Amino acid sequence: GSARKEFSRRRSASRRAVSRSAIAMLPARSQRWDSASIAPFSASAIAGASLVQDAGGRELARHPRDGGGLDTDAFDALAAEIGAHSANGAPAAFAPTSETLAERALCVPVPGRAGGGPVAWLTVISDRAPLGDFERLIARQASMVVWLELMRERVVRETERRLAGDL
């Protein structure tokens with residue numbers, strides 16, 4: 001009844017406050033973005049941790065550094081799961097099976113070229129289980145931002161390479 005409505009109202013207000021604080025932390029256009037700067041925003045928006053890994057499971061960025069309580073074994077298991085899902089013909093978001101991450105984490109593929117597999121994976125880990133719809137939405141949106149940043153980095157590298165060849 002009314003207790004549930006009050007809980008829902010407070011949770012919504014809390015999410016709006018977190019979203020506003022994350023937006024306020026965004027760097028100005030003149031500041032340089034990199035893939036590591038995206039992790040803190042997704043982590044703060046879900047009240048947890050965020051981890052970006054390449055398609056093979058190698059870590060590209062993590063926030064906070066202790067990354068949601070991932071010990072070496074849990075990280076290795078997550079990397080193996082990501083590698084297996086990357087090799088899959090049609091990769092989709094998945095919940096890691098590790099006991100450490102059960103019901104509080106989501107791995108979302110960062111799209112690559114059309115028809116190809118993901119170029120990276122964004123894993124969000126909530127401080128509390130279960131991961132809600134809002135956190136899942138944040139993860140999917142953040143994966144697109146990671147994709148845009150990785151594409152920008154690739155274009156910069158290719159442009160620098162071409163200019164070096166023209167000199």
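Predicted model: local features only at pLDDT ≥ 70, side-chain atom pairs only at ≥ 80, totals over all residues.
Me: What percentage of the residues counts as buried?

Reply: A residue is called buried under 20% relative accessible area, exposed over 50%, and partly exposed in between, with a 1.4 Å probe and protein chains only. By that rule, 38% of the 167 residues of the protein count as buried. Accessible areas come from the Shrake-Rupley method with a 1.4 Å probe, and for residues only the protein chains shown count as cover. The accessible surface of the protein comes to about 9800 Å², of which 55% belongs to carbon and sulfur atoms.

Me: Which strands are joined to S1 by bridges?

Reply: Two strands pair if DSSP finds at least two bridges between them. Strand S1 (residues 48–54) is joined to strand S4 (residues 120–126) by seven bridges, and the two run antiparallel; within this pairing, glutamine 53 has tryptophan 121 as its bridge partner. Four bridges join S1 to strand S2 (residues 59–63), again in an antiparallel arrangement, and there valine 52 has alanine 61 as its bridge partner. S1 and S2 form a hairpin with four residues between them, and glycine 57 in the turn has a positive phi of about 100°.

Me: Is strand S1 mostly covered or exposed?

Reply: S1 is mostly covered, since seven of its seven residues are buried. Serine 50, which is found in this strand, is a case to look at, being buried with a relative accessible area of 1%. Not counting residues up to four places away in sequence, serine 50 touches several residues, including Ala39, Ala61, His63 and Val124.

Me: Which residues of H3 are buried, and which strands do they pack against?

Reply: The buried residues of H3 are Ala74, Phe75, Leu78, Ala79, Glu81, Ile82 and Ser86. They cover an arc of only 165° around the axis, which puts them on the same side of H3; the arc is that of the directions from the helix axis to the C-beta atoms. These buried residues pack against S1, S2, strand S3 (105–110) and S4, whereas the face turned away from the buried side carries the exposed residues Thr72, Asp73, Ala80 and Ala87.

Me: Where is leucine 70, and what is it in contact with?

Reply: Leucine 70 lies in the loop between S2 and H3, and at 10% relative accessibility it counts as buried. Leaving aside neighbours within four places in sequence, leucine 70 is in contact with Leu51, Arg62, Phe75, Leu78, Leu101 and Ile125. The C-alpha atoms of leucine 70 and isoleucine 125 are separated by 9.5 Å, although the two residues are 55 residues apart along the chain.

Me: How many aromatic pairs does a search of the whole structure find?

Reply: Rings of Phe, Tyr and Trp (its six-membered ring) pair if their centres lie within 6.5 Å, and planes under 30 degrees apart count as stacked, over 60 as edge-to-face and the rest as tilted. The search finds one aromatic pair. Phenylalanine 94 and tryptophan 121 form it, in an edge-to-face arrangement with 5.4 Å centre to centre and 70° between the planes. The pair links distant parts of the chain, with phenylalanine 94 in the loop between H3 and S3 and tryptophan 121 in strand S4, 27 residues apart. Phenylalanine 94 and tryptophan 121 are both buried.

Conventions: Residues numbered from 1 in each chain as written. Heavy atoms only, no water. Contact = heavy atoms within 4.5 Å.
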